[in-house]
Amino acid sequence: MFILGLILVFTYSCASSPEITFSQGAKKISGMDGKYGSTIKSAPNTTAGIDNLLIEITGFAAVNKMEEPLSQLVDFRIKFLETEKLHAEGWQWGKASTTEYGFGCKSYARIKESAKLRNMSAQKGYETIGILQKFIDDYPKEAKSVNLSQKDVLFLNAF
């Protein structure tokens, strides 16, 4: 994964211009999302897809000088993907990730680890909501252009 990340950073540094506008960056992020069947409001369906998209967006952020609104959007997207990854990992054992279907000594470690991952996901989720709220408050025109609104903040807060 690390080597793939370095290759992507190198590729982006050779292919990307040093300064990028919000609309150009939003288009590139949308293109990255499209490769994994996700949108600005949703994550890929698999943890491998989340990992790959996270690497691409992180590489994009590392090699491009961005306007502040784009930087905030990228920060939101990275935090959102990290949150979704932790949430997915918290359910990796399916029914054995909870006490709903019984509790035994064998499943204790799984339940404990699952709860820890889901709690970490919730904490990172609150950070994500804060970044999104700031982006929408500071740059309402840009937020509207990528179809993000206060409703999305409320939805993520309730989720």
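The paragraphs below lead through the charged and aromatic side-chain pairs of this predicted model. Residues are numbered from 1 along each chain as its sequence is written, and the side-chain values use heavy atoms, with hydrogens and water left out. Because the model is predicted, local features need pLDDT of at least 70 and side-chain atom pairs count only at pLDDT 80 or more, while totals for chains, interfaces and linings use all residues.

We begin with the charged pairs. Side chains of opposite charge can pair when their charged atoms come close. Here a salt bridge is a side-chain nitrogen of Lys or Arg within 4 Å of a carboxyl oxygen of Asp or Glu, and a search of the whole structure finds 8 of them. One of these joins the side chains of Asp51 and Lys85, at 2.9 Å from N to O. Asp51 lies in helix H3 (residues 47-63) and Lys85 in helix H4 (residues 68-89), so this pair ties together parts that are 34 residues apart in sequence. Helices (H or I, at least four residues) are DSSP runs, numbered from the N terminus. Asp51 counts as buried at 17% relative accessibility, whereas Lys85, with a relative accessible area of 24%, is partly exposed; buried means under 20% relative accessible area, exposed over 50%, and partly exposed in between, with a 1.4 Å probe and protein chains only.

Lys85 also meets Glu89 in a salt bridge, at 4.0 Å from N to O. Both residues lie in helix H4, 4 residues apart, which is about one turn of the helix, and Glu89 is partly exposed at 25% relative accessibility.

We turn now to the aromatic rings. Rings of Phe, Tyr and Trp (its six-membered ring) pair if their centres lie within 6.5 Å, and planes under 30 degrees apart count as stacked, over 60 as edge-to-face and the rest as tilted. By this rule the count comes to 3 aromatic pairs. Among them, Phe22 and Phe135 are stacked, with 6.1 Å centre to centre and 25° between the planes. Phe22 lies in helix H2 (residues 22-35) and Phe135 in helix H5, so the pair ties together parts that are 113 residues apart in sequence. Phe135 and Tyr139 form a tilted pair, with 6.3 Å centre to centre and 45° between the planes. Phe22, Phe135 and Tyr139 form one aromatic cluster.

How values were computed: Helix = DSSP H or I, 4+ residues; strand = E, 2+ residues; numbered from the N terminus.
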